[in-house]
Amino acid sequence: MKKINLVFEPAKIYFTILTDSIDVSEYLINVYRNMLVEIEEKYNQIILVKRNNDIYYIQLPNGTSNKVCDLKEVLVIINRFIKKSFKCDLYWPFHGGVVIPKENNGIILCGKSGAGKSTLCTHFYLKGILCPSDDLVWIHKDDFSIIPMPSSINLREDVIDKIELIKNNHKYSFPDIDGNRRWVLSNPNNINQAIQITRVININYNEKYSYLEELNTVEALRIALTNSYSAYNMRLNHEMATKMVKEFKFYQMYYTSGLDGIDQIQKLLEID
């Protein structure tokens with residue numbers, strides 16, 4: 001059995017994954033490489049994944065068991081459990097990526113699944129701009145600094161085909177839930193300290209037109225609530241979303257390409 005220890009202190013994530021599946025262990029090592037440790041203190045949350053022919057048996061720390069035949073289902077179950085199992089008093093999880101184009105000031109990029117968060121983060125990354133997370137950040141409940149989730153960037157198969165610089169740089173691929181493949185881009189931009197945020201931009205890919213506009217309070221609150229990650233605590237979500245709208249400026253952006261998106265954001269930053 002392969003033993004993999006994952007640790008992310010700000011969110012109090014301490015997991016040991018035991019698996020006899022090479023596919024599962026390779027996926028976890030590639031996606032969560034910035035969270036891997038060898039020390040085995042405190043890791044009493046064990047995820048067990050055993051494979052028998054074409055059947056995967058998954059035992060989660062909360063006692064639930066799953067029996068599935070598809071690798072992509074296994075990966076979805078593991079990912080969801082890890083990301084929803086944080087035990088954090090000081091931070092609140094928010095669904096979005098973060099780029100740090102200026103000193104210690106970052107921008108959160110949020111948007112519905114398929115909007116292009118990972119794609120746009122990758123374009124920033126390829127331009128040498130820090131992009132420590134494309135999916136999840138923890139926002140401090142008091143000072144609103146953030147700590148990004150230190151995982152690799154996952155890109156859809158069609159995105160890999162469009163970004164020439166990535167084709168020879170990916171490390172691993174795995175089945176996506178839509179039947180295609182998803183590629184893992186190793187991300188060395190791990191940030192262990194809190195950073196400040198100046199803006200939140202809700203992004204939308206569109207082939208025909210591009211624009212960026214500041215949102216009013218009602219629309220900003222809707223975006224903040226839509227991307228809240230704490231499904232079990234709606235009271236906290238409303239409280240934090242309201243504070244976010246008071247703390248940050250919210251924008252809506254439509255972009256036609258990665259370079260177009262970067263150009264719009266950089267022009268916005270020049271206002272500072």
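**Briefing: strand pairing, aromatic pairs and helix packing**

Strand β5, residues 55–59, presents a covered face made up of Y56 and I58 and an uncovered face made up of I55, Y57 and Q59. The model is predicted.

- Strand β4, residues 45–52, pairs with β5 in the antiparallel sense, and five bridges connect the two.
- The hairpin of β4 and β5 has two residues between the strands, and N53 in the turn has a positive phi of about 60°.
- Strand β6, residues 65–68, also pairs with β5 in the antiparallel sense, over four bridges.
- Five residues lie between the strands in the hairpin of β5 and β6, where G63 takes a positive phi near 95°.

**The sheet β7-β11-β12**

- Three strands in the order β7-β11-β12 form an open sheet with antiparallel pairing.
- Its edge strands are β7 (91–95) and β12 (146–148), each of which pairs on one side only.
- From one strand to the next, the twist averages 30°.
- β7 pairs with strand β11, residues 136–140, in the antiparallel sense over five bridges.
- In this pairing, H95 stands opposite L136 in β11.
- Helix α6, residues 234–247, lies across β7 and β11 and runs at about 80° to β7.

**Packing of helices α3 and α7**

- Helix α3 (residues 117–126) and helix α7 (residues 258–269) pack at an angle of about 75°, and their axes are 9 Å apart.
- Angles of 65 to 115 degrees count as roughly perpendicular, and α3 and α7 are therefore roughly perpendicular to each other.
- On the α3 side, the residues in contact are L120, H123 and F124; on the α7 side, they are G258, G261, I262 and I265.
- By class, this contact of α3 with α7 comprises four nonpolar and three polar residues, with no charged residues.

**Aromatic rings**

- Across the whole structure, a search finds 10 aromatic pairs.
- One of the pairs joins W92 and F94: the ring centres are 5.8 Å apart, the planes are at 50°, and the pair is tilted.
- Residues under 20% relative accessible area count as buried. W92, at 0% relative accessibility, is therefore buried, and F94 is buried as well, with a relative accessible area of 0%.
- The rings of Y209 and Y211 have centres 6.2 Å apart and planes at 10°; planes under 30 degrees apart count as stacked, so this pair is stacked.
- Y209 is partly exposed, with a relative accessible area of 39%, and Y211 likewise counts as partly exposed, at 34% relative accessibility.
- A cluster is formed by F8, F86 and W138, which are linked through ring pairs.

Technical notes. Residues are numbered from 1 along each chain as its sequence is written. This is a predicted model: local features need pLDDT of at least 70, side-chain atom pairs count only at pLDDT 80 or more; totals for chains, interfaces and linings use all residues. Side-chain values use heavy atoms; hydrogens and water are left out. Buried means under 20% relative accessible area, exposed over 50%, partly exposed in between (1.4 Å probe, protein chains only). Two strands pair if DSSP finds at least two bridges between them. Rings of Phe, Tyr and Trp (its six-membered ring) pair if their centres lie within 6.5 Å; planes under 30 degrees apart count as stacked, over 60 as edge-to-face and the rest as tilted. Axes are lines fitted to C-alpha atoms, for helices over the stretch in contact, and angles run from 0 to 180 degrees between N-to-C directions. Angles under 35 degrees count as roughly parallel, over 145 as roughly antiparallel, 65 to 115 as roughly perpendicular and the rest as oblique. Contact means heavy atoms within 4.5 Å. Ala, Val, Leu, Ile, Met, Phe, Trp, Tyr, Cys and Pro count as nonpolar, Asp, Glu, Lys and Arg as charged, and the others, Gly among them, as polar.
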